[in-house]
Each structure stands twice: as C-alpha cells, then as structure tokens.
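This briefing is for a reader new to the structure. It goes through a few local features and then the contact between chains.

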Amino acid sequence: MININNLTFGYSRRKILYDNLDLELKEGNIYGLLGENGAGKSTLLMLIAGLKRPHYGTVNVGGHYASDASPEFLREVFFIPEEMTFPNISIESYVGVLAPFYPKFDRTAFFEMIAEFGLTPDMTLHNMSYGQKKKALISLGLASNTRLLLMDEPTNGLDIPSKSQFRKLVAKYMSDDRVFLISTHQVRDLESLIDPIVIVDSGKVVFNETLDSITEKLLFTTADKVLSEDVIYEEKGIAEDKVVARNTTGDISRVNLELLFNAVLSEKSEMVSALSN
Amino acid sequence: MEFTSNKAIYLQIMDLICEKVLKGTWGEGEKIPSVRQLAVELEVNPNTVARSYSSLQDDGIIFNKRGIGYFISEEASKMVQNVEKSAFMKEDVPTFFKKIQLLGISWSELSDLYHQYEKQ
C-alpha cells in the first residue's frame, strides 16, 4: 500500500499548490492521474518520488517514508519524468550503473524490451531522439520491478507503433505487487489501460474511483437514450449530444475518459453525490 | 482491438470470446490464452481481462483448471447460442418489428424473401 497523508506543498509559502492532500494507492492497479495544465500532476509525482519535500505530510511506500530518502524507499520507487537527463554513455553502460540500485531489476526483460522498441544496447544516450530516450527509460522503469512506478506523460514523444508497444509492455509487466501511477493528457492512448482514475484539481484529489464503481453509478451515452432529469453533464455536438447520466438501467457502458474528466471538473458535487449513492 | 462499442471493455472482451466459440475458432475443451497473454494481445489492463474471464466462468462458458489455465467448457457453444438468442429476441427483434410496421411490409413479403435466402 502507498499512503499519502496530509500532503501540503507550494512553490512559495504564500501560494499553496497542495493543501492537506490524501491519496491511497493499492497494489495491482494502473492508476491514471488526470488534471488540467498547471494542476500540479508532475509536482505530485515528484513529491511521491521524494524529489521534492512537502511542507507537511508524508508519503509512505510499504512502510518507508519519502522524506527519509533511505535506500529501502528509493529501491522501491522508479520515476519516469517528462524531461529526461542522461549521462553521455551507452544504454548498456547506463543499465550497468543503474540496475544495482534496484535489487529486483530484470536485465533479460530490459534487453528484450529495448529490442522490441527497436533500440540496441550500444546506442549512446546523447545521440538518441527524445522518443528513443523515452523508450529506454520506460524499459528501465518496467524492468526495475519496483513496488511503485511513476510515469509522467509516458506516451508523449512516442510514435504510433510505439504507443501500442507501450500498452503491451505495461500489460505484461504490471503485477499484483506493483502500483503504476501514470499522469497523462493523452487519455485516448491509455483508455483501455488505466483504472482507477484519479483527478486532481485546485490542490486536492477530487476524484479517485475504479471504472467498475463509475459504470455502476453512471452511464456514458447520448442524450436521446436517457431521461433529461438523469443527465448530470452534457456536451452538445453536431452528430450527437454526449452525456454522463445517472445509471438507472443497470447497463454497463464504456467510460469515455474525456467526458468523465470534463464532467468531474464542471459538475464536481453532482458527480460525487451520484457516485456515493 | 478497437473498443468502439458503447459497452464496457470487459463486456466487449466477453463478446469477442463468445464469438470465437460460436465460430469454432476456440473449440470446446480447448485451452485459451492466459489473462496476461490476452491483456498484452488486446493492450488492456490485465484486471479487465480477469473480470471478463470471471464473468464467463460464472456463466459456465469457460472453466479454470488450477495452475494450468482457462478452458472452453464442453457445452460452451450451445450456451453462447442460448445467450445470443435471448439477446437477439429481446433487443433486435422488437426493433425489426417496429421497422416492418413503419415501412408497411407484409408478413408474406418477408416470408418470400426468407425462402429465397434459404435456397441460396
């Protein structure tokens, strides 16, 4: 279990970004972290990774605290940031330096993954494109077998075939004793992968639900298929009017993540009350 | 696989498996991919596939041999057929009748068409 308690942080003391934030993440899940630009998704990931220090509050990964920066904490957490920095050495040398910090690191899996991504161990990190570096780092993260893997916009910079490759690898290396937390704006890239959905807004976790509990209470459909009194949120379009409505039929619909995100941000209290009924 | 339908992804995966059973791609008694293999193949969360498998197991369409994997049940295609038939009767037939009435198509007209279709 990963527990974040009373986390308070701001880039200046007067401007607080996260105020008493609580979040609990359970093993065996691929959490999707959604939020508007500037909502602080990257900051939250850095706080969880222990790369920033909160003013108050704790991040606890399996009994080890981020603030201690102990080897026991650090070997269970891997962070894939959006902006990457590497030394100017080959992939093979880099994995040689990095892997010893992660006792469960799987070298065989790592070299298989980079091969699937079309990289070779002798490639030099500084000569690689952004997308190629991203592929190398994703492979490192998945092969590290850390309890917690944080990914900040992992599909950014990946070409079309690599996005599919990425989804396959995540499905393959996810396990019952790991937690993946993926922040993204590219919800369509990850729609079939992320569950539960966590939404941050105005310094709080405003939403943290599994797809099961979402679809049990809510219906994602078009306006003509539901009673107007059941509609919580509507987006008018030329072809159809998309709605999020209370689920009165028991039909289990596919969650449209873009619609869900917009509905949560604009109809926060109604969405929360519909889900808690 | 593109999950284009409005149904939950776990339901679409169940449909996919039922279709394979009906077509005979996956025969009765045959071992099917593990949860992980299918999740990788379909690029979905393994928990979603696990959900589909557990529902299919509840329906008796697949069964689990501990430590070995999932298999298609002996009576699976009959069961799938029954499920699909009742869904067809409940959902498709009323829509079809409604359209017939709306367009003023007579029953004899339809029955002629059906006999022609049968001969082909």
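## Strand pairing in chain B

In this predicted model, B:Ile62 stands opposite B:Ile72, a residue of strand 2 of chain B. The points below are grouped by topic.

**The hairpin**

- Strand 1 (residues 62–65) of chain B and strand 2 (residues 69–72) of chain B run antiparallel and are joined by four bridges.
- Three residues lie between the strands of this hairpin, and B:Gly67 takes a positive phi near 80° there.

**Two helices of chain B**

- Helix 2 (residues 35–42) of chain B packs against helix 3 (residues 46–58) of chain B at an angle of about 120°, and their axes are 8 Å apart.
- Because of that angle, helix 2 of chain B counts as oblique to helix 3 of chain B.
- The crossing of helix 2 of chain B with helix 3 of chain B is right-handed.
- Helix 2 of chain B contributes B:Val35, B:Arg36, B:Leu38 and B:Ala39 to the contact, while helix 3 of chain B contributes B:Pro46, B:Val49, B:Ala50 and B:Tyr53.
- Sorted by class, this contact of helix 2 of chain B with helix 3 of chain B has seven nonpolar residues, one charged residue and no polar ones.

**Chain A with chain B**

- Between the chains, 15 residues of chain A are in contact with 14 residues of chain B.
- On the side of chain A that touches chain B, helix 6 (residues 160–173) of chain A gives the most, with five residues.
- That side of chain A has five nonpolar, five polar and five charged residues.

Note on methods: Residues are numbered from 1 along each chain as its sequence is written. Chains are lettered from A and ligands numbered from 1 in the order in which they are written. This is a predicted model: local features need pLDDT of at least 70, side-chain atom pairs count only at pLDDT 80 or more; totals for chains, interfaces and linings use all residues. Two residues are in contact if their C-beta atoms, placed from the backbone, lie within 7 Å. Ala, Val, Leu, Ile, Met, Phe, Trp, Tyr, Cys and Pro count as nonpolar, Asp, Glu, Lys and Arg as charged, and the others, Gly among them, as polar. Axes are lines fitted to C-alpha atoms, for helices over the stretch in contact, and angles run from 0 to 180 degrees between N-to-C directions. Angles under 35 degrees count as roughly parallel, over 145 as roughly antiparallel, 65 to 115 as roughly perpendicular and the rest as oblique. A crossing is left-handed if the near helix is turned anticlockwise from the far one by less than a right angle, and right-handed if clockwise. Two strands pair if DSSP finds at least two bridges between them.
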